[in-house]
Amino acid sequence: MPLRRLALGAASLTLAALAAPTATAQADTPFAPPGRITVEVAGANGSGCPAGTTQVAAAPDNTAFTVTYSDYLAQTGAGSAGTEFRKNCQLALRVHVPQGFTYAIARADYRGFASLQRGAFGQQRAGYYFQGAAPTARTVHQFNGAYADNWQASDQTGYADLVWAPCGEVRNLNVNTELRVYPGSSSPQALSFMSMDSTDGSVSTVYHFEWKECPATA
């Protein structure tokens, strides 16, 4: 396979704020709590993440966690089944954090590879929310053919708009992602595809934490 080079893309995501705990750290001085966090897959549903094809891992410095897929590919043309143009994955993640701290997702970096014929286009969509809260608006990143390269899309949230996990409660973080590939004006016999996976595990989605301390309880 020819050497792939990284193509960068970025967009902003504004999330509706939940009632947040009292902050004791300034936004310009980010920190990570002591100890170790763990992230577990409590549930995985969707055509983009069949059983056993998704892994999560927390960074040793508690600043982020990664999600790696091994069978997440949408395609159209060249005899593809009619349902293969769209793949999705709904992950329920259980994040265990040190006592006295809470977190929000400050940035999400999505990566993969796309081969799109001239006239075709692919879309990556994503959103995330805490169990029991209203779903966030999904972002959409579009890539137009002709295109044959790695792709990357980032969603950034301003500090004032961060959605914080409720203090003292264990609620799943629900992460919803989707890939779509449309033939557009390309030939129906020409194959176009877009993936969010990697055969060697080197391509991962990265979710970056923002941390702060919970208010002291009486």
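**Disulfides and aromatic pairs**

Author: In this predicted model, the bonded cysteines of the protein, numbered in sequence order, pair as 1-2, 3-4. The count comes to 2 disulfides.

Reader: What makes Cys-49 and Cys-89 a disulfide?

Author: Their sulfur atoms are 2.2 Å apart. The cut-off is within 2.5 Å, so the pair qualifies. The link is right-handed, with 100° about the S-S bond.

Reader: Why does the pair of Cys-49 and Cys-89 tie together parts that are apart in sequence?

Author: Cys-49 lies in the loop between β2 and β3 (54-58), and Cys-89 in strand β6, so the parts joined are 40 residues apart in sequence. Both cysteines are buried.

Reader: How do you know that Cys-167 and Cys-214 form a disulfide?

Author: Their sulfur atoms are 2.0 Å apart. That is within 2.5 Å, so this pair also counts as a disulfide. Its link is left-handed, with -95° about the S-S bond. Cys-167 sits in the loop between β10 (147-156) and β11, Cys-214 in the segment after β13 (205-213), so the parts tied together are 47 residues apart in sequence.

Reader: Is Cys-214 buried or exposed?

Author: Cys-214 has 17% relative accessibility. Buried means under 20%, so Cys-214 is buried. Cys-167 has a relative accessible area of 26%. That value falls between 20% and 50%, so Cys-167 is partly exposed.

Reader: Turn to the rings. Why is the pair of Phe-85 and Tyr-182 called tilted?

Author: The count comes to 15 aromatic pairs, and Phe-85 with Tyr-182 is one of them. The centres are 5.8 Å apart, and the planes make 50°. Phe-85 lies in the loop between β5 (73-76) and β6 (86-96), Tyr-182 in strand β11 (residues 173-182), so the pair ties together parts 97 residues apart in sequence.

Reader: What makes Tyr-103 and Phe-130 edge-to-face?

Author: The angle between their planes is 70°, at 5.5 Å centre to centre. Tyr-103 is in strand β7 (residues 101-116) and Phe-130 in strand β8 (residues 121-130), so the parts tied together are 27 residues apart in sequence. Both residues belong to one aromatic cluster, which also includes Phe-65 and Trp-211.

Reader: How do you know that Tyr-103 is buried?

Author: Its relative accessible area is 3%. That is under 20%, so Tyr-103 is buried.

Reader: And why does Gly-35 count as exposed?

Author: Gly-35 has 54% relative accessibility. Exposed means over 50%, so Gly-35 qualifies. Gly-35 lies in the loop between β1 (11-12) and β2 (38-45).

Methods
Residues are numbered from 1 along each chain as its sequence is written. This is a predicted model: local features need pLDDT of at least 70, side-chain atom pairs count only at pLDDT 80 or more; totals for chains, interfaces and linings use all residues. Side-chain values use heavy atoms; hydrogens and water are left out. Rings of Phe, Tyr and Trp (its six-membered ring) pair if their centres lie within 6.5 Å; planes under 30 degrees apart count as stacked, over 60 as edge-to-face and the rest as tilted. Helices (H or I, at least four residues) and strands (E, at least two) are DSSP runs, numbered from the N terminus. Buried means under 20% relative accessible area, exposed over 50%, partly exposed in between (1.4 Å probe, protein chains only).
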